[in-house]
Every structure is written in structure tokens, then in C-alpha cells.
Amino acid sequence: MNRTAMRASQKDFENAMNQVKLLKKDPGNEVKLKLYALYKQATEGPCNMPKPGVFDLINKAKWDAWNTLGSLPKETARQNYVDLASSLSSSLESSSQVEPGTDRKSTGYETLMVTSEDGITKITLNRPAKKNAINVEMYHEIMRALKAASKDDSSITVLTGNGDYYSSGNDLTNFTDIPPGGVEEKAKNSAILLREFVGCFIDFPKPLIAMVNGPAVGISVTILGLFDAVYASDRATFHTPFSHLGQSPEGCSSYTFLKIMGPAKATEMLVFGKKLTAGEACAQGLVTEVFPDSTFQKEVWTRLKAFAKLPPNAMRISKEVIRNREKEKLHAVNAEECSVLQERWLSDECMNAVVNFLSRKSKL
Ligand SMILES: CCCCC/C=C/CC(=O)SCCNC(=O)CCNC(=O)[C@H](O)C(C)(C)COP(=O)(O)OP(=O)(O)OC[C@H]1O[C@@H](n2cnc3c(N)ncnc32)[C@H](O)[C@@H]1OP(=O)(O)O
């Protein structure tokens, strides 16, 4: 790279584009937008395309990024692209060099940490900077981890979150990646993914325990009705703001929550979006037991290690006896909830809520 002359050649630019393609780690949307904008400016000059519509989120973000470069000369954009690509490849390469020993690398998960020890498989949601929001990759990885845990040597499986949140629920940027078939195809694909995801919890054969380490939102709350025990820190809260988001209940909660807490309390949560404290969630039967945050990890792990010593086949069979007669019903509820949601995601109410969050106009 001709860095001394501070003017990147066409060859430097092409090398930089290859460097970007070969990056082992995703540099994130913000950086990708910057690269896109610099590429367009370097090859086509200032943006003179018409501005995309407000619901065409991806193209609008790209247009905004390119347009922000104003009349930056092509040569400067080319140089900036080369510099950015070079800084990315050195920072992302070096960060991947310090990680080989970590769970993430050794298990091949990008959004989870999965460990298996003392008869317990622990699946940790691991996007703490995004409050463990569940993106499409995480949905797939959770399903993969559950399938592996159902067949491994462990006798119980635990789901928890890394950082201050258990999970902020569905990653709202999932709605921005619109395929060529448009928003209808996106809604259809999302409903298929959601149905498969929830189905994995319905069918999970071993005792499944949630350790809710902090606030839980949306789908991370609704699927708790499919767990066998839910232990919560007293910092945890339980929030299903579906109406606020123009959406409707999922995770079989339209059935399980009614059974767990009765229709009136379930309606307060699922229709009016009432946020529960851990104590309230325990009083309503959604949470098994609440622990002070300072002793949460120690107390719960002591208990789980004792559970994991129980005969695994007996636990599996007891779970089957308790749960199996409900399975067919749960799959039917899951299918119905997903088909209702597929329509909801296309509504103005839902699209406006997503746009407002993504444009930083609203938060829960
Ligand atoms: C396949 C599709 C299936 C769909 C299934 C449907 C499920 C329904 C649901 O799950 S509904 C629930 C959806 N979740 C939300 O609406 C939560 C949105 N998030 C918030 O309101 C807030 O972020 C918060 C209250 C959770 C936390 O607020 P706080 O101020 O403490 O933190 P930040 O807002 O600064 O968050 C830190 C960064 O994390 C990003 N982020 C948090 N939650 C989400 C999310 N759900 N989706 C996408 N991104 C999220 C946030 O944008 C910040 O990112 P930044 O640092 O890059 O700005």
C-alpha cells in the first residue's frame, strides 16, 4: 500500500476491497455502512440518487451514509477506504488472535457461550453490548445448542445471559434486512424461523432451567413458560410490550401464561405490557424462586449441581410424563401465534414502532 504518498492507487483500492471480503469477523453495521459510502464516493462521486422511502430501512441507511460524504473528492474517498480497510484487518485479526482459548471459539458459536461441566450444559446469550438482543444468527445458534445439549452427556441444561441483561428480546434490526421478495417475504421467513425456534423449546427432552440474571424482554420472557424451572435475580424484570410494538404474543405465552397466572394477570402482561418485578413474577408463578443479586450465582449453581447428580433417565422420563400430553397443543398454539404475527409484522403499527426504535425516537 502506498501509504507514504497518502494517495491510494487503484491497485491499493482493489487490495483493500479484497481485505474487506476476507475479514474473519463481521465489523458491524456502522462500519459496513461507512465502507459502502466510501466505496460509492470513490467509484461514482457524490450521491445523486433519489432518497429511498422511510420503510426501505436498509437502502435509506446506505443512502444516508453516502449522502453524508457530500462533495468529498473521489481520491480522498479512495484513500479513506484503504485506511479504514487496513485498520479493520489489523484490529479484527488481532482480536481474533487473543480468543482461541475462549468458549466462543472452541465451540464455534458467535453469539453464545456454551459450556458443559458437572452434568450441566450452560448456554449463555453473549451479546452484552446489545443487551443480548436475539438476532437471526442467535436464533439459529440457540437451536443448534439446544439440539446438541439434548444429545450430550449432561443431565440438565441452563440458559442465561452475559452482562447486565438476560435478554432484550427480538433484535429489532432483524426487521431491516429485507430480501428481494420484499416485506411479505421477510414476514413469512421470520414466522418460519420463530415457529422452528419455539418448537425446539417445546420438544426439548431434558430439564431446562432459566437463570434470569437481569431484565428480560419480549420473546425471552414468553418462552419461560416452556422451561421446567426459572430462577431469577432480584434485579430481573419481566416485560412483554407487544401492544407497544404493534405485535402479539408468541412463545406459546397466549396459552402457557393463562395456565400459569390466569387470564387477568396474563392480559396485564401480554396485552397491556405491564412490566413485572422478579418478586411479582414469582408470586404469579412464572418464576420458581428469586435470589438476592449478590448471592444469585452461588446459590443457584449450588442447587443446579445437586439436581445434576440425580439419575438423568429418571429426570428425562418424569419431564416426559409431565409435559408430553401438552406437546401437541403447544405446537398448535405456536403455529397459530406465528401466523398471527406474520400479519402483524406488516402492519403500520409494528413498522412505525420498529422505525421509531431504530431512529432512536423510542425505547421501552
Ligand atoms: C425471527 C423474528 C422473531 C420475532 C419474535 C418476536 C419477538 C418479540 C419481542 O421480543 S418484542 C421485544 C423487542 N425488544 C425491544 O423492544 C427492546 C428494545 N430495546 C430497548 O428498548 C432498550 O434498548 C432497552 C430498554 C432494552 C435498554 O435500554 P438502555 O438505555 O439500558 O440501553 P440501550 O438502549 O443503549 O441499548 C444498548 C445497545 O443495545 C441495542 N439494543 C438493545 N435492545 C435491542 C433490541 N431488542 N434490538 C436491537 N438492538 C437493541 C441498543 O440499540 C444499543 O445499541 P447501540 O449501542 O448500538 O446504540
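Biologist: At what angle do the axes of helix α9 and helix α12 cross?

Modeller: In this predicted model, the axes of helix α9 (residues 253–270) and helix α12 (residues 312–344) cross at roughly 125 degrees and come within 9 Å.

Biologist: Why are α9 and α12 called oblique to each other?

Modeller: Angles of 65 to 115 degrees count as roughly perpendicular and those over 145 as roughly antiparallel. The crossing angle is roughly 125 degrees, and α9 and α12 are therefore oblique.

Biologist: Which residues make the contact?

Modeller: Helix α9 contributes Ser 253, Ser 254, Tyr 255, Thr 256 and Lys 259, while α12 contributes Glu 326, Lys 329, Leu 330, Val 333 and Glu 337. These residues of the contact divide into four charged, three polar and three nonpolar.

Biologist: What makes the pair of Tyr 231 and Phe 291 edge-to-face?

Modeller: Ring centres must lie within 6.5 Å for a pair, and planes over 60 degrees apart count as edge-to-face. The centres of Tyr 231 and Phe 291 are 5.9 Å apart and their planes stand at 75 degrees, so the pair is edge-to-face. Tyr 231 lies in strand β6 and Phe 291 in strand β9, 60 residues apart, and the pair thus links distant parts of the chain.

Biologist: Why is the pair of Phe 291 and Phe 296 called tilted?

Modeller: Stacked planes are under 30 degrees apart, edge-to-face planes over 60, and the rest count as tilted. For Phe 291 and Phe 296 the angle is 55 degrees, with 6.3 Å centre to centre; the pair is tilted. Both Phe 291 and Phe 296 are buried.

Methods. Residues are numbered from 1 along each chain as its sequence is written. This is a predicted model: local features need pLDDT of at least 70, side-chain atom pairs count only at pLDDT 80 or more; totals for chains, interfaces and linings use all residues. Side-chain values use heavy atoms; hydrogens and water are left out. Rings of Phe, Tyr and Trp (its six-membered ring) pair if their centres lie within 6.5 Å; planes under 30 degrees apart count as stacked, over 60 as edge-to-face and the rest as tilted. Helices (H or I, at least four residues) and strands (E, at least two) are DSSP runs, numbered from the N terminus. Buried means under 20% relative accessible area, exposed over 50%, partly exposed in between (1.4 Å probe, protein chains only). Axes are lines fitted to C-alpha atoms, for helices over the stretch in contact, and angles run from 0 to 180 degrees between N-to-C directions. Angles under 35 degrees count as roughly parallel, over 145 as roughly antiparallel, 65 to 115 as roughly perpendicular and the rest as oblique. Contact means heavy atoms within 4.5 Å. Ala, Val, Leu, Ile, Met, Phe, Trp, Tyr, Cys and Pro count as nonpolar, Asp, Glu, Lys and Arg as charged, and the others, Gly among them, as polar.
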